[in-house]
Amino acid sequence: MVNKILPTKRVPGNKAPISEISGSMPLRFGDDPYVWACWLYYEDGRTQGEVADIMGISRATVNSYLADARSRGIVNISLEPKRLSSLALAQHVKHHFGLDDCLVVPSDDGARSLIDRLGAAGGQALSKLLKSGDTLAVAWGRTVLAVADHVAVSPLQDVTIVQATGGTRADFAYTPELCAAALADATGARLVNLTAPALVRSREAREIILQEPLVEDQFKALSRANKALFGISSLRPHSTIHSSGFFESVSIQDYLSKNAVGVVAGRFLDGQGLPIEGPLDERTIGISLDALKAVSMRIAVAGGFDKVPAILAGLRGGYISVLVTDAATASAILSADGVPPASAKPLVRQRSQDVAPAPIPLRSQVKKFLNDADEVVEEMLEGLLAAHASHIVPIGSSNRALVAKDGPRTGKVGLVIGGGAGHEPCFFGYVGKGLVDAVAIGNVFSSPPPGPILECTRAASGGEGVLYVYGNYAGDVMNFEMAAEMAQMEGIEVCTVLTTDDIASSSLEDREGRRGVAGNVFVFKIAGAACDRGLSLAACEAVTRRANERTFTMGIALEPSAMPQTRRHNFEIGPDDMEIGVGIHGERGVTRESIAPADEIVDRIIDQIFREMRPEPGDRVAVLVNSFGGTPLMELYILFRRVEQRLSARGIGIEANWIGHYCTSLDMVGASISILHLDAQLTDLLHHACDGVALHVV
């Protein structure tokens, strides 16, 4: 096929200029001209003559492509749904953010990990974009290394790969040095390493190193880069920026307090993509954000729900000109930037005429039983203490730290949990005899501060140490870690288990980076039983960790929640849509789809859980069908009906089932399904007697 460059030419309607996409095939179509031709003709509404001009081929060839595509099954009135969806998302992201190009990986079929699929797509993109004579600046991370594993370029000349940041002390395989070397090896390029640490002790040390002639030469090579390849790190625990040692000498709070959401090449961005100045800036050696933005082609390869705010920051800040991501992430990015689903193209469109979507009916405010919205948490706590005085009492004068009336005792490991309000009956509902000893409560969807957590630790301490169990969120991690340090200064030994049961929030290979959601309930129950049985702190930690590893949760929302202060929905869901993979803090799901019957929704969740859990006939499980606050028991039982059918069909027995409001998201209409894959010890602890406000086992 011969490509030719055409002069800029406007086409009817909202279509892009022909010159914008002529001359070479856009990344999203891979190497398949049939798909490109079909997209332009069937989906973009071009005439065959326009398609010929855009592709740089004859009209007769276009006609042949379209005919062959139908005979090959590529087109049957519409393109294959998954491929069409990813193409539509790529085009929408490209035009919305003004990118040079965008490649979107189709939805996961469960066969390959997200990083592997992104690596393959990034390798395909880089193979097309890298040209002879290029200088490519390369950052680091798992995704960048995966790209190197999938690059397959034709012979190039005079290509230089430059390490974009200094080296780290980390012992993983995706350090800056190894990523740059792997790409140089894959492309046959000349390699220029930065022979300096990414992070040094002081500004003075950085200035001295930068004045070294060898390092000066290396930075000159970096300044000549005309292309850059990088991943994007979130600030979630276990993210690349954490494991690279950046927070060994400073607190992440220095950046979280300034609303940092992500990191690009070791530099921090807020939600709007603005650089954040912090204590690490004057100690970091590597490409600056200004220098990165000056590179003519900036290729970002990143995906995953936890990275949506960080990727969006990179897009808003103009640090990305070519984005490689997955379909779920692309959809979430558009939603997070306020793009209504109705503005995106439908997956199947007739060429004749589009039908304008009906407007989404909006309510101005949600009705709530409130006095003063700013006092909602305090008044709620006053009410629950009055209602459940037989189970829970405050510690000291504040109601933000609560202790079980019959929980802590000398000679046992203490158990402390905590989290924000808005999830009732979580977390206070699991405080009681045989359960949790003390709980710290924060504001709505906000972590409790270290002070109440420390008070809970003191109250729960019986001389055998204290176990912390809480969800994997940056604020919770920071505040609980601070409380643990203060407790240890007082001689109280503390161990921690983070809950990570939300299978939608991150890929399987990044299990430690997942959120803790309704599956918390199972983990609290097991931990409470282990502590009540008198197990050692190490044994309690081990069995709690195993319970978390064997718990799998996924949630779906039909209507969003509304904060007490605003009484407005956190986001909008269309009348025929549902959000898949929602969390418990009022956030959107990882993707939005048309609402389906209850059985199909359950099947989608159970299929994903089975892929990770890999159960065998004869296995035993515990099941939690949890309302997010606005879904009644009637519908929860309909969901459980299908869960039981699916488990029974595979020969899996249900040891226990809990159905109702266990971990809510204010008034969100939706539900989550959690499954705990039991073994003999977990089964025994699950049946251990307990008496809490929201959980009672005899």
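**Figure 1. Salt-bridge network of Arg203, Glu204, Glu207 and Glu282 in the predicted model**. These four residues are linked to one another through a network of salt bridges. Arg203 is partly exposed, with a relative accessible area of 40%. Glu204 is likewise partly exposed, at 43%.

**Figure 2. Salt bridge between Arg604 and Glu593**. The closest N and O atoms of this pair lie 2.8 Å apart. Arg604 counts as partly exposed at 33% relative accessibility, as does Glu593 at 30%.

**Figure 3. Salt bridge between Arg620 and Glu655**. Here the closest N and O atoms are separated by 2.9 Å. Because Arg620 lies in strand β23 (residues 620–627) and Glu655 in strand β24 (residues 653–660), the pair ties together parts that are 35 residues apart in sequence. Both side chains belong to partly exposed residues, with relative accessibilities of 36% for Arg620 and 26% for Glu655.

**Figure 4. The protein chain as the setting of the close-up views.** The structure holds 25 salt bridges. The protein chain carries 65 positive and 81 negative side chains, and the centres of the two sets lie 6 Å apart. Its secondary structure comprises 23 helices and 27 strands. The radius of gyration is 27 Å, close to the 26 Å that the globule rule gives for 698 residues, so the chain is as compact as a globular protein of that length. Of the 698 residues, 57% count as buried.

Terms used:
Residues numbered from 1 in each chain as written. Predicted model: local features only at pLDDT ≥ 70, side-chain atom pairs only at ≥ 80, totals over all residues. Heavy atoms only, no water. Helix = DSSP H or I, 4+ residues; strand = E, 2+ residues; numbered from the N terminus. Rg over C-alpha atoms; globule rule 2.2 N^0.38 Å. Buried < 20%, exposed > 50% of the residue type's maximum accessible area, 1.4 Å probe, protein only. Lys, Arg positive; Asp, Glu negative; His and termini not counted. Charge placed at Lys NZ, Arg CZ, Asp CG, Glu CD. Salt bridge = Lys/Arg side-chain N within 4 Å of Asp/Glu carboxyl O.
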